[in-house]
Amino acid sequence: MQIINLKEAINNGVSAAGLIYVNSEPQIRPGRKDYVLGDLMCKGHIVQFRSWEDDVLEILKEHGKGIYLAKTIGQEYKSLNYINIRSLDLYVGDAVTEEDFQDRIPSGELEENWTDILGQLQERGLSDVCVQLINDVLNDPELDGRFFTEGAAVKHHDNQIGGLWNHSSKMLRILLALLDNNQELLPAIDLMTFSIVAHDIGKVFEYDALSMSEHWYANHRVRGIEFLVKYRERIFESYSEEFYRQVQAVIAGHHGEYGDRPTTVAAVIVHYIDSLESQTTELLREQEASPQSKFISPGFGYLESIYPDKLRGD
Ligand SMILES: [Fe+2]
Ligand SMILES: [Fe+2]
């Protein structure tokens with residue numbers, strides 16, 4: 001049984017039959033007739049689905065997230081494309097697993113980027129004490145290696161296996177550029193580097209293999225701060241209480257205006273780096289996923305692609 005290619009199946013009027021992966025709990029929406037609304041994932045690509053069929057609604061209400069056998073038709077409403085599920089059955093085989101629907105960044109590539117950026121930061125003065133601390137924290141048994149495999153998001157930027165590690169690595173590259181531009185930041189290189197490594201570490205607890213975990217509502221800022229408590233004495237000893245509190249402030253404030261108000265300069269800078277990295281990645285992903293050269297971005301409305309069709313090489 002084939003996995004439905006969502007990029008094709010979402011086009012208006014296209015019928016498809018095969019396997020789909022509902023990667024988060026669908027919602028029931030009231031309407032003239034109640035309908036169910038949710039997301040499908042295929043190779044990191046997320047599309048919206050809807051269904052007005054009573055039995056589809058019942059099956060999804062009972063089983064939620066998972067792999068299903070479906071018949072679909074692509075539809076368009078007010079220039080928004082979505083997949084209409086016409087019929088649905090639970091998939092009971094084991095030949096296809098959730099991983100077949102997820103995208104991944106090869107771990108060798110991630111490891112190479114990580115070693116490279118840490119090496120460059122060491123050339124700017126990142127201390128051995130900090131590198132050791134980073135290694136110990138990321139390999140802490142409680143994380144079970146998941147910093148290296150979890151996504152950076154469920155729906156948005158870097159929602160693929162290895163996405164969290166990738167996002168953190170790309171942020172360190174932006175930090176490197178800032179350290180070269182604003183040398184007055186150099187004395188804070190350990191704090192800035194460690195804070196970036198730790199800023200989203202709580203996503204290991206907020207997410208569970210690219211979907212929301214059971215306790216998602218205690219968000220990754222809260223969970224990250226909680227996790228790091230076990231390193232408090234060590235950080236007090238190798239640095240100071242000041243260093244530890246500054247890291248806490250970065251984790252708490254790194255969402256800027258979308259979370260707790262940042263209370264330190266480091267928190268604001270990490271917020272800017274985080275936004276620049278995640279927004280750029282997200283925008284390019286939206287551009288890539290868009291069937292037309294013009295697409296709607298939630299923040300700014302219609303945007304024309306950097307590479308309109310006529311300039312595309314393929
Ligand atoms: Fe975050
Ligand atoms: Fe982040």
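Q: At what angle do α3 and α5 pack?
A: In this predicted model, the axes of α3 and α5 lie 10 Å apart. Two packed helices are described by the angle between their axes and the distance between the axes. For α3 and α5, the angle is about 25°.

Q: Is α3 roughly parallel or roughly antiparallel to α5?
A: The two helices pack at an angle of about 25°, and their crossing is left-handed. Because angles under 35 degrees count as roughly parallel, α3 is, relative to α5, roughly parallel.

Q: How many nonpolar residues are in the contact of α3 with α5?
A: On the α3 side, the residues L110, N113, W114, I117, Q120 and L121 meet W165, N166, S169, L172, R173 and L176 of α5. By class, this contact has one charged residue and four polar ones, and its nonpolar residues number seven.

Q: Which residues does L175 touch, not counting those up to four places away in sequence?
A: L175 is among the residues with the most contacts inside the largest nonpolar core, which has 40 residues. Helices α3, α5, α6 and α11 are among those that each supply at least two residues of this core. Apart from it lies another core, of 22 residues, including V22 and F49. The residues touched by L175 are M192, T193, I196 and I273.

Q: Why does S297 count as partly exposed?
A: S297 lies in strand β9 and, leaving aside neighbours within four places in sequence, is in contact with L283, E286 and L303. A residue is buried with 20 or more C-beta neighbours within 10 Å and exposed with 12 or fewer. S297 has 14 such neighbours, so its class is partly exposed.

Technical notes. Residues numbered from 1 in each chain as written. Chains lettered and ligands numbered in written order. Predicted model: local features only at pLDDT ≥ 70, side-chain atom pairs only at ≥ 80, totals over all residues. Core = buried A, V, L, I, M, F, W, Y, C linked by C-beta atoms within 7 Å. Helix = DSSP H or I, 4+ residues; strand = E, 2+ residues; numbered from the N terminus. Contact = placed C-beta atoms within 7 Å. Axes fitted to C-alpha atoms, helices over the stretch in contact; angles between N-to-C directions. Parallel < 35°, antiparallel > 145°, perpendicular 65-115°, else oblique. Left-handed = near helix turned anticlockwise from the far one by under 90°. Nonpolar A, V, L, I, M, F, W, Y, C, P; charged D, E, K, R; others polar.
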